[in-house]
Amino acid sequence: MAERSLRGMSIGAKSLESDQNVDFAARSEVAYVCPKGHRTILPLAEGAEVPQEWECRCGQIAHLEGHDEQESGKTGKPTRTHWDMLLERRSEDELKAVLDKRLKMHREGWFPDYE
Ligand SMILES: [Zn+2]
């Protein structure tokens, strides 16, 4: 019995991890635009530092695209907030339950830093 529930948990954890990897891979491409309008797509490894500038194939300095996403709307991808990511992992009801529990703990003198 116990063994079965443990196995279930480990499968759940793995699928969460792979979801994250897919998501990071999708977000690891950055675009640079040079003054002449050339666009260079650079694939970046997860956690890699994103340079602000990149030398375009024409020799000009291309600047990181994405600061003005709202203006240009080029990516078409909404920026995901921490809240969005939370909601992907837990339903809103689950979050409410967690919040209620935390609030109750707080009222009872626990501290939220406790995990
Ligand atoms: Zn260029």
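The model is predicted: local features need pLDDT of at least 70, side-chain atom pairs count only at pLDDT 80 or more, and totals for chains, interfaces and linings use all residues. Residues are numbered from 1 along each chain as its sequence is written, and side-chain values use heavy atoms, without hydrogens and water. The chain has four helices and four strands. A zinc ion is held by C34, H38, C56 and C58.

**Overall fold**

- Helices (H or I, at least four residues) and strands (E, at least two) are DSSP runs, numbered from the N terminus.
- Of the 115 residues in the chain, 12% are buried.
- Buried means under 20% relative accessible area, exposed means over 50%, and partly exposed lies in between (1.4 Å probe, protein chains only).

**Zinc site**

- The zinc ion is coordinated by SG of C34, ND1 of H38, SG of C56 and SG of C58, at 2.0 to 2.4 Å.
- Donors are N, O and S atoms within 2.8 Å of the metal (3.2 Å for Na, K and Ca); water is not among the atoms, so sites may look incomplete.
- Why is the arrangement called tetrahedral? The four donor atoms subtend angles of 105 to 117 degrees around the zinc ion, which makes it so.
- Four donors count as tetrahedral if all angles lie between 85 and 135 degrees; four count as square planar and six as octahedral if opposite donors are over 155 degrees apart and all others between 65 and 115; anything else is irregular.
- Ideal angles at a metal are 109.5 degrees for four tetrahedral donors.
- Along the chain, the zinc donors follow the spacing C-x3-H-x17-C-x1-C.
- H38 sits in the loop between β1 (29-33) and β2 (39-43), and C58 in the loop between β3 (53-55) and β4 (61-64), so this pair ties together parts that are 20 residues apart in sequence.
- H38 is partly exposed, at 24% relative accessible area.
- C58 is partly exposed too, at 30%.
- In an unreviewed UniProt entry, the annotation "binding site" covers C34, H38, C56 and C58. These residues are spread over 25 residues of sequence, yet they cluster in space, with a largest C-alpha distance of 8.7 Å.
- UniProt positions are given in the numbering used here, feature names are shortened, and annotations may be inferred rather than shown by experiment.

**The loop between β3 and β4**

- Q60 lies in this loop.
- Q60 is partly exposed, with 31% relative accessible area.
- From C-alpha to C-alpha, Q60 and K36 are 8.0 Å apart in space, but 24 residues apart in sequence.

**Salt bridges**

- How many salt bridges does the structure hold? There are two.
- A salt bridge is a side-chain nitrogen of Lys or Arg within 4 Å of a carboxyl oxygen of Asp or Glu.
- E65 pairs with R39, and their closest N and O atoms are 2.8 Å apart. This pair links distant parts of the chain: E65 is in the loop between β4 and α2 (69-72), while R39 is in strand β2, 26 residues apart.
- E65 counts as buried at 16% relative accessibility, whereas R39 counts as partly exposed at 39%.
- E108 pairs with K104, with the closest N and O atoms 3.3 Å apart.
- K104 counts as partly exposed at 48% relative accessibility.

**Surface patch**

- W83, L86 and L87 form a nonpolar patch on the surface, with about 260 Å² of accessible area together.
- Patches are made of residues with over 30% relative accessible area and no salt bridge: like charges are joined within 9 Å, nonpolar side chains (Val, Leu, Ile, Met, Phe, Trp, Tyr) within 5 Å.
- Accessible areas come from the Shrake-Rupley method with a 1.4 Å probe; for residues, only the protein chains shown count as cover.
- L87 lies in helix α3 (residues 82-89) and counts as partly exposed at 31% relative accessibility.
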